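User: Hi! I'm new to reading protein structures. Could you walk me through this one, feature by feature?

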Amino acid sequence: MNKKILRINKTIKSFNKKIFVEGDKSLSIRWVLLASLSKKRSVANNLLKSEDVMSAIKCIQKLGSKVTFKKNRCEIIGVGLNYKIKKNLILNAGNSGTLSRLILGLLINYDKQIKLIGDKSLSKRDFQRVITPLKKFGAKFLSKSKNLPIKMRGLYQPLPIKYFERLGSAQCKTSIMLAALKANGVTKIKAKKSRNHTELLFKYLKIPVKIHSTKNFDFINIKKVNHIRPLNYRIPGDISSCSFFIVLTVLSKNSKLLIKNINVNKTRIGIIYILKRMGANIKIVNKKIYKGEAIGDIFVKSSSKLKPIICPKRYNASAIDEFLLCFLVAAKCKGVSYFRGLSELNKKESPRLFWGSKILNYMGIKNKLTNDSIKIYGNPKLSLSKSIVIKNFLKDHRVFMTSTIAALTMGGKWKIHDLSSVKTSFPSFLKTLEDIKN
Ligand code: S3P
C-alpha cells in the first residue's frame, strides 16, 4: 500500500460516538509566540503537536526561548520583549501562514536582518498584507517581492501606527498587534471583523488594549508594554478540525456524534451558523468561558432535509477555513446555494475556492465559479459510483480531509493523494476517523 495515498471505496456505516479532537491551531501558535515574550515559565496543556505548531516552536527556540515537552504538557521560558541574537538569522515557517505573518510582527524591534522562508505553498502566498503595516512601524524590507523568501530588518524603537486592516485577516491584524507591543506609544487599528483570539489573550494577560466594536469593524488601541506575564493555558479542541466530523455526521444516515471541549468562540463558528441555516441538526451544549474563550461540546445528528443557502457575507471570516465543507453540504441540498465575497479563499494553502469547484466537478455537481464566488446546484439524490482521483500539488491539508469526508458520504471510488498533509493541522485525523468507524 502506498502510504501517501488514501483509498476509500465505500461510505461510512451509521455511528453513535463521542470524540475529542486535537488542540486549536490558532490558539496553539499564539500561545507559543506570547510565551516566548515572557521571561517567566509558561505552561500549556493539550498544545496541538502539528507541523505548523512545531515550526513555531523551532522559530522561538532560534530566537532564544527554552522549550520542554512532558507528555501532554509544554513549557516555555521565553526571552522577553527584546532579542539578543546574532545576525543573519534564517527562520523557517514551513506551511504556516499564521506563524509567518505573526512572527514578522514580533520581530519589529529586532534591528538586524532576518530571512523568513517557507515551503512551496507558503512561498506562493501574499505577504504584502503585513509588509505594508510593518513598513509604517519603520521596518525595512530588502527586496521588492511580496512573497517568501523575505528579508526584513526591524528597528530598535518602532513607531506606533494608525492602520486600517480591510481584508478581514486575523493574521494581518495580529501581526500588527504584536508589533504594537513594542512600539513607543499607542497603535490604533481599525480592522474588518476576523477571529479575536489575540484580543482575548491580550486582555487576559492584562496588556493595555482597548477595543470598541461596531457591526463590521473592531477599533483596537494598544500601548507599548515593558513586560509580558507568563501564560498558563489549556488549549481547547479546534473547531476547524471538529468541522470535518460535523459534516461527516450531517451527511451520514442515522448517526450521532458528540465532540467534547471545543473552542466555540463566535468569531470561529461560522460553519455552525451556516449549516444550521441549511437545516443541519447541530447543538452547542455545556458552554463555559475559559480565560476569555467560549468552550463547549458539539452535538450533531444526521440531517436529511437540507436546504440551500444564499450565504450572508458576514459569515465569511468566521467560516473561512470551513468553506470546502460547506460546499459539500450544498452539493446534497435540493436547490441552488450561493457563496460570495470569497476572494480570500484563493489565497490560502492552495486556491481553495477553485479547489471547491474542482471537487464538485469530479462529483458531477454543477457549479458556477467566479474569482470570488460559487453557485452550487445541489442534488440530494447524489450517489456516486465512479472513480475520483484527488491530487493537490500544494498538498493542502484541508483539501485532503474534505475529500475524505466526500468519499465517506457520497459513494464512488476515491484515491486521495498526500495523506501526510494532515500533519499540518490535525495529525490524528485518520485515527479519529477510525474511532468513529469502530
Ligand atoms: C488564522 C486566520 C485565518 C485562517 C488561518 C488561521 C489565524 O487567516 O484562515 O487558518 O490563526 O489567525 P486570515 O485571518 O488571514 O484569513
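Predicted model: local features only at pLDDT ≥ 70, side-chain atom pairs only at ≥ 80, totals over all residues.

User: How far apart are the C-alpha centres of domain 1 and domain 2, and how many residues does the contact take from each?

Analyst: The two C-alpha centres are 29 Å apart. In the contact, domain 1 takes part with 25 residues and domain 2 with 27 residues. On the domain 1 side that touches domain 2, there are five nonpolar, nine polar and eleven charged residues.

User: Now for secondary structure. How many helices and strands does the protein have?

Analyst: There are twelve helices and 22 strands. Here is the general idea for sheets: strands pair through backbone hydrogen bonds, either parallel or antiparallel. In this protein, three strands make an open sheet with the order β1-β22-β21, and their pairing is mixed.

User: Why is one side of β1 and of β21 left without a neighbour in the sheet?

Analyst: β1 (5-8) and β21 (384-390) stand at the edges and each has a single partner strand, so one side of each has no neighbour there. On average, neighbouring strands of this sheet are turned by 5 degrees against each other, ignoring direction.

User: How many bridges join β1 to β22?

Analyst: Four bridges join β1 to β22 (residues 411-417), and these two strands run antiparallel. As one example, Arg 7 has Lys 415 in β22 as its bridge partner. Helix α11 (residues 397-410) packs on this sheet, where it touches β1, β21 and β22. The direction of α11 makes about 160 degrees with that of β22.

User: Last one: what radius of gyration does the protein have?

Analyst: The protein has 21 Å. A compact globule with 438 residues would have a radius of gyration near 22 Å, so the value agrees. Along the principal axes, the C-alpha atoms fill a box of roughly 65 × 45 × 40 Å.

Terms used. Residues numbered from 1 in each chain as written. Pairing = 2+ DSSP bridges. Axes fitted to C-alpha atoms, helices over the stretch in contact; angles between N-to-C directions. Contact = placed C-beta atoms within 7 Å. Rg over C-alpha atoms; globule rule 2.2 N^0.38 Å. Domains from an automatic or database assignment. Nonpolar A, V, L, I, M, F, W, Y, C, P; charged D, E, K, R; others polar.
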